[in-house]
Amino acid sequence: MAKIYYASRTAPVNIATLKYWGKRDKDLNLPTNSSISVTLSQKDLRTLTTASCSEVFEKDELWLNGQSHSLDTPRTQQCLSDLRKYREELEARDESLPKLSKMHLHIVSENNFPTAAGLASSAAGFAALISAIAKLYELPQTASDLSKIARKGSGSACRSLFGGYVAWEMGELENGEDSKAVEVAPLSHWPDMKACILVVSDDKKDVPSTSGMQLTVKTSPLFQHRIEKVVPQRFEEMKKSIVEKNFPLFAELTMKDSNSFHATCLDSYPPIFYLNDTSKRIIKLINLLNDSVGEIIAAYTYDAGPNAVIYYEQKNESRVLGLLHAVFKSVDGWQKIDVKSLTPPSIELDPTWGSGVSRVILTEVGAGPQDSDEVLINVETGLPK
Ligand code: DP6
């Protein structure tokens with residue numbers, strides 16, 4: 001049996017606080033604006049990927065959460081071809097290296113969170129895929145270099161190549177070589193950032209982000225204002241708020257940017273609605289909480305769907321979760337904390353507010369991609385274990 005080469009890496013989910021929405025080049029996946037995100041802890045949400053290659057593999061194959069998936073999409077093919085090109089450069093310089101770039105790949109990937117949670121996992125998925133193959137190929141490229149490959153898989157994936165606080169700089173070049181993720185601040189700079197994800201139940205199928213953003217670019221006049229006037233200044237202010245650990249400012253900018261992004265969705269024609277009544281109720285709750293404290297201690301943000309992500313600092317956990325638990329206590333996910341120690345809310349609650357949320361995920365800022373000893377592939381057969 002020919003040798004099977006393999007390597008495993010994990011990658012995190014990230015949730016944008018300044019949203020990427022709009023492409024200026026669809027093929028290279030170049031954005032119309034820069035964006036910022038917080039990387040979430042892999043203890044709660046991560047993708048683990050084992051990449052393997054061998055002379056005996058007959059085609060590139062991917063198994064995701066136990067099911068076979070096609071690698072034959074233009075985006076994935078672009079990622080694989082970029083990685084193989086880097087490997088070829090190494091092999092051309094050193095004759096003794098095995099010709100991994102010529103072999104087919106078998107890739108096995110698993111999420112540690114249920115797909116049913118309704119969380120977009122493509123960012124962690126592409127970041128883990130690229131990270132694992134880069135490790136298998138022993139590539140010397142930096143995380144920013146690899147982020148350019150991940151970007152071609154899915155824009156938001158480029159930010160999952162880093163931990164902590166991350167910016168995706170939109171770049172100016174036509175070939176996209178300067179459109180990459182960079183670290184704004186490492187996890188250690190502001191480790192007490194927490195995130196509470198409220199998974200909102202929803203029956204309707206959302207407009208996928210790829211087609212949604214294209215409709216917005218084409219039809220929304222408000223969108224032009226957003227990318228020209230709003231985001232450039234907000235990008236600088238948000239980076240500064242992170243460097244200075246100024247939570248009230250960071251939170252205000254985060255909420256305003258979520259509002260701005262969803263406003264451009266509503267301004268698209270026909271309009272796109274990602275927020276439902278439960279999402280809107282959570283926005284009101286967070287406003288009530290901040291008003292009652294007289295200071296911004298929590299920020300909501302929403303991606304292309306109804307789930308809420310609430311950012312807050314550890315020192316305010318008791319008050320923020322005190323309110324959220326009082327409203328959504330019947331759902332799964334609270335066992336992680338001692339709910340008896342939470343501060344009861346000072347706001348009068350309506351008993352009907354608790355509906356529409358199916359689960360909470362309590363997590364926090366986390367690290368970037370990591371090596372893993374876990375191997376998801378049977379190294380004798382080259383098939384998933
Ligand atoms: C609302 O990264 O999923 O989550 O590049 O077409 O794959 P593609 O889009 P994707 O869009 C994410 C949009 C967002 C905002 C964000 O994460 O910045």
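Biologist: How many of the 11 residues of helix H3 (residues 143–153) are buried?

Modeller: A residue is buried if 20 or more other C-beta atoms, placed from the backbone, lie within 10 Å of its own. In this predicted model, local features need pLDDT of at least 70, side-chain atom pairs count only at pLDDT 80 or more, and totals for chains, interfaces and linings use all residues. Residues are numbered from 1 along each chain as its sequence is written. Helices (H or I, at least four residues) and strands (E, at least two) are DSSP runs, numbered from the N terminus. In H3, 9 of the 11 residues are buried, so this helix is largely enclosed by the rest of the structure. Among them are Ala143, Leu146 and Ile149, as well as Lys148 and Arg151.

Biologist: What covers the buried residues of H3?

Modeller: The cover includes helix H1 (74–93), helix H2 (122–136) and strand E11 (180–185), where contact requires C-beta atoms, placed from the backbone, within 7 Å.

Biologist: Which order do the strands of the open sheet have?

Modeller: Strands of a sheet pair through backbone hydrogen bonds, either parallel or antiparallel. Pairing requires at least two DSSP bridges between two strands. Here, 4 strands follow the order E13-E14-E12-E15 with antiparallel pairing. Strands E13 (298–301) and E15 (357–364) are the edges, each pairing on one side only. Between E12 (residues 193–200) and E14 (residues 308–313) there are 6 bridges; leucine 198 has alanine 308 in E14 as its bridge partner.

Biologist: Which strands does helix H7 touch?

Modeller: Helix H7 (residues 277–293) packs on the sheet, touching E12, E13, E14 and E15. Its direction makes about 165° with that of E13, with axes fitted to C-alpha atoms, for helices over the stretch in contact, and angles running from 0 to 180 degrees between N-to-C directions.

Methods. Two residues are in contact if their C-beta atoms, placed from the backbone, lie within 7 Å. A residue is buried if 20 or more other C-beta atoms lie within 10 Å of its own, exposed if 12 or fewer, and partly exposed in between; C-beta atoms are placed from the backbone.
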